[in-house]
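Here is a briefing for a reader new to this structure. Please look over the sequence and the model before reading on.

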Amino acid sequence: MTQATSSSSRPLRVSRAGSPLSGTLSVPGDKSISHRALMFSALAEGKTHITGLLEGEDVLRTADAMRALGAQIVREENGNWHVTGQGLGALTEPADVLDMGNSGTAARLLSGVLASHGIMSVMTGDASLRRRPMKRVTDPLAGTGAVFLAREGGRLPLAIQGNASPAPLDYRLPVASAQVKSAVLLAGLNAEGETRVEEPVPTRDHTENMLRHFGATVQVEQTPEGGRVIRLQGRPKLTARDVVVPGDPSSAAFVVVAALLVPGSDVVIAGVGLNPLRTGLFTTLREMGARLDITNERIEGGEPVGDLHVRASSLQGVDVPADRAPSMIDEYPILAVAAGYATGVSRFRGVEELRVKESDRLASTVALLEQNGVHTKVDGDDLIVFGTAGAIPGGGLVETHMDHRLAMSASVLGLVAQQPVEIDDTAFIDTSFPGYFGLLNQLGAGFAA
Ligand code: S3P
C-alpha cells in the first residue's frame, strides 16, 4: 500500500524562473479516459488496442485491478497497450484485496462494476483515498442488490458482495459527480432493462461516449433545468474497439498557467483533449485576458482535440459561476495561482466539492496561497482570491497532503514568486503526470527536481 512516509517523499525548493518558457510539447494521456479505456475493454469481448494511455500510478492501479479480475492486459514495447476481455458478466473473483492507491476515479467506477458481478471483493487505497467518501456510490449501488460493508463514514476498505442479476437503477445525482454517474451506469451494464441517471448539471461524459464506442445504447436528453438525463439499455453486447487517448486538459492546465504567468513565455501544447465538459478553465482564463489560442482542431478517437498556443499575458480577476465547476473541478488549485498573480479580486463560486478531493482542496489551496503571501477568503462555498498584480511574495512551505494537483500548483507558484517556495512532497505528481518536471524543464523552467 502506498504510504506518505518521509522515506518516499520528494521535497522540492522552487525558485523564480530565470527566463521565459518556450517550445512545443505534449502532455500525457487523459486520466479519466485512460481509466475507462482499461475498465470498459476488460468488459468487452475481444482485444482492444489503446494508444496514448496515461501511465500514471492511478491508471496503473486500474490495470492491476482489472488483471486481478481476469482481464488480460499487456503493455507493448512501443507504449501501446492491449486488453483482452471475456465480455460482460465474466469477471472472476480476485484472489486478494484490490488496492486503488490514490485514485478516487478507480475506486468509484470499479465499485459499479463489482456491484454487478456475482463475486466478492475487498477494495482499499492509500491514506488519502481511505479518507474520501464512498457512500456517494455505495448508497445508490445498494439498490442493485449488492451488499457493501465499509468503515465508519462509508470509507475504504470496502467489502463488496456483488449481484450477478442486479436490478437496474433510476437515480438522480445529489452532487454533480461524473464518478457517481459512471458507477451507476457501469452497474447498469449487467442489469436487465433500462438504467436511468439524472444529473443536475452536466458532468464529463467520457463514460457515455466510450460505452457507445464499445457498442452500448446510451441516450442523453437535456432537462428544462439545464441538467441531463442519461439512459442506458442493459446487457448490451460490448465488443473490443480501439481507443485513442488524447492529452489530458487537466495536466495541460499547469503548463498553460505557467506559460501565462512567466513573463515572455510562448508555448504550444499539442494534442490536448477539448471535450466541452472539461474546458471550463480555458474559458475562465480567456475571461481573465489570457492569450490562449486553439489551433488544429480535430476529432480523434471520438473526442475533440486541438493544440493550445499560450503566450504570457497580464491577467485580471474573474468571477467563476458555480455551474461551470464540473467542467473545471480539478483546475481550481492552479486557477487560484493564476488569480493570485492577477490584478484584482477573483471569486470561485460553489466549489464545495473541492473538500472531498485527494486532499481538502479548499483548505489546501487557501493554505498554499496564504503561506506565500496571497490573501484569500472562504465565504460559504465560495473561494475569494485577492490578486497581487504580479507580486506574489512566496517564501512559504506548502503542504501537499498526498495531492498531486496541489504539488504541481505550488511548483507553478514558485516559478513566479519573489522568494523560493518549499514543497513538502512532489512524489504524488506521478499519479497523473509522470515526467512533469522533465517536460517543464525542456521549456526552460529550471526545476531542480
Ligand atoms: C473524474 C471526475 C471528477 C474529477 C476526477 C476524475 C472522472 O470527480 O475530479 O479527477 O474521471 O470521472 P467527480 O466526478 O467526483 O467530481
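The points below go from overall build to domains, salt bridges and local backbone features.

This is a predicted model: local features need pLDDT of at least 70, side-chain atom pairs count only at pLDDT 80 or more, and totals for chains, interfaces and linings use all residues. Residues are numbered from 1 along each chain as its sequence is written, and side-chain values use heavy atoms, with hydrogens and water left out.

**Overall build**

- The protein has twelve helices and 23 strands. Helices (H or I, at least four residues) and strands (E, at least two) are DSSP runs, numbered from the N terminus.
- The radius of gyration is 21 Å, close to the 22 Å that the globule rule gives for 449 residues, so the protein is as compact as a globular protein of that length. The radius is taken over C-alpha atoms, and the rule is 2.2 Å times the number of residues to the power 0.38.
- Along the principal axes, the C-alpha atoms fill a box of roughly 60 × 50 × 45 Å.

**Two domains**

- Domain 1 covers 12–29 + 246–443, and domain 2 covers 31–244. These bounds come from an automatic or database domain assignment.
- The C-alpha centres of domain 1 and domain 2 lie 28 Å apart.
- In domain 1, 27 residues are in contact with 29 residues of domain 2. Contact means heavy atoms within 4.5 Å.
- Domain 1 and domain 2 bury about 2300 Å² between them, 51% of it on carbon and sulfur atoms. Buried area is the accessible area (1.4 Å probe) that two parts lose on being put together, summed over both.

**Salt bridges**

- A salt bridge is a side-chain nitrogen of Lys or Arg within 4 Å of a carboxyl oxygen of Asp or Glu.
- The whole structure holds 35 salt bridges.
- Arg172 and Glu198 form a salt bridge through their side chains (3.4 Å, N to O). This pair links distant parts of the chain, with Arg172 in strand S10 (residues 170–172) and Glu198 in strand S11 (residues 194–199), 26 residues apart.
- Between domain 1 and domain 2 the count is three salt bridges.
- The side chains of Arg136 and Glu353 also meet in a salt bridge (3.0 Å, N to O).

**Local backbone features**

- The peptide bond from Leu156 to Pro157 is cis, with omega near -5 degrees. Pro157 sits in strand S9 (residues 155–161).
- Arg235 is not a glycine, yet has a positive phi of about 50 degrees. Arg235 lies in the loop between strand S13 (228–233) and strand S14 (243–244).
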